[in-house]
Amino acid sequence: MKEYVINAKDMDAKELNRTIKEQAVYHDKLIINNPESRHNICAGLSEDIEIEINGSAGYFVGTMVNGPKIHINGNAGWFAGDNMTKGELIIEGTAGDGAGQGIYGGTVIINGSVGSRTGEIMKGGTVIIGGNSGYMTGLLMMGGKLIILGDVTDDVGESIMRGTIYVLGNVKSLGKNAVMEKATLEDQKDLKEILTKYGFELTDIDYTNFKKIVNMQ
């Protein structure tokens with residue numbers, strides 16, 4: 001595997017992203033040190049490459065990517081994975097509002113908790129939150145799977161059209177157009193396959209406790 005290390009300490013966001021795109025053509029893996037919460041890291045990247053970010057990222061990390069597998073050993077700001085079409089974004093820590101906003105495909109995983117409007121207007125793909133999620137989780141959702149292992153607050157699934165929200169923890173309230181039902185055996189099987197793949201260890205009883213939130217029609 002051909003690796004390349006980028007020290008982002010003295011780079012601004014534009015220089016960092018230019019370097020990422022230039023080196024992604026020639027390498028299988030990029031390691032980014034000292035990201036210092038810069039915004040738009042890996043924006044628009046379309047190479048099938050591994051990216052390891054050692055530290056926290058700012059807003060719009062992994063926005064509009066199509067292919068890379070990005071692993072952040074830290075936290076992220078708002079709109080992580082925004083409008084992703086293909087690839088993976090794994091965040092070991094927490095993230096801000098709008099995680100997984102508008103994704104068409106791929107997988108966004110935040111092991112910690114997130115802010116509000118998680119999975120807003122997502123059209124496909126999968127978003128997994130290992131902790132809690134805030135206000136209007138799944139707002140205007142149009143497709144895909146949104147899986148929350150912790151609790152969610154008010155107005156879950158507000159104006160949801162299509163797609164499915166699964167919640168293991170407590171649901172404070174549902175938004176307009178949303179209904180909650182018990183996850184089926186088929187749902188539980190799918191959830192176990194997805195979550196086991198990404199290292200989440202749940203009991204069989206946990207899977208029976210998932211709530212399923214969908215459009216009421």
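I take a salt bridge to be a side-chain nitrogen of Lys or Arg within 4 Å of a carboxyl oxygen of Asp or Glu. The model I am working on is predicted.

**Entry 1: the count.** I applied this rule to the chain and got nine salt bridges.

**Entry 2: aspartate 187 and lysine 212.** I looked up this pair and found a salt bridge, with the closest N and O atoms 3.1 Å apart. Aspartate 187 sits in helix H2 (residues 185-197). Lysine 212 belongs to strand S11 (residues 211-215). The pair therefore ties together parts that are 25 residues apart in sequence. Are the two residues buried or exposed? I find both aspartate 187 and lysine 212 buried.

**Entry 3: the network.** I followed shared partners next. Salt bridges link Lys9, Glu36 and Arg38 into one network.

**Entry 4: lysine 172 and aspartate 154.** I get 3.9 Å between the closest N and O atoms of this salt bridge. The pair links distant parts of the chain, 18 residues apart. Lysine 172 is in the loop between strand S9 (162-167) and strand S10 (178-182). Aspartate 154 is in the loop between strand S8 (142-148) and S9. I then checked accessibility. Lysine 172 has 61% relative accessibility, so I log lysine 172 as exposed. Aspartate 154 has 27%, so I log aspartate 154 as partly exposed.

**Entry 5: glutamate 120 and arginine 117.** I found their side chains joined in a salt bridge, at 3.2 Å from N to O. Glutamate 120 has a relative accessible area of 14%, so this residue is buried. Arginine 117 comes to 25% relative accessibility and therefore counts as partly exposed.

Definitions and conventions:
Residues numbered from 1 in each chain as written. Predicted model: local features only at pLDDT ≥ 70, side-chain atom pairs only at ≥ 80, totals over all residues. Heavy atoms only, no water. Buried < 20%, exposed > 50% of the residue type's maximum accessible area, 1.4 Å probe, protein only. Helix = DSSP H or I, 4+ residues; strand = E, 2+ residues; numbered from the N terminus.
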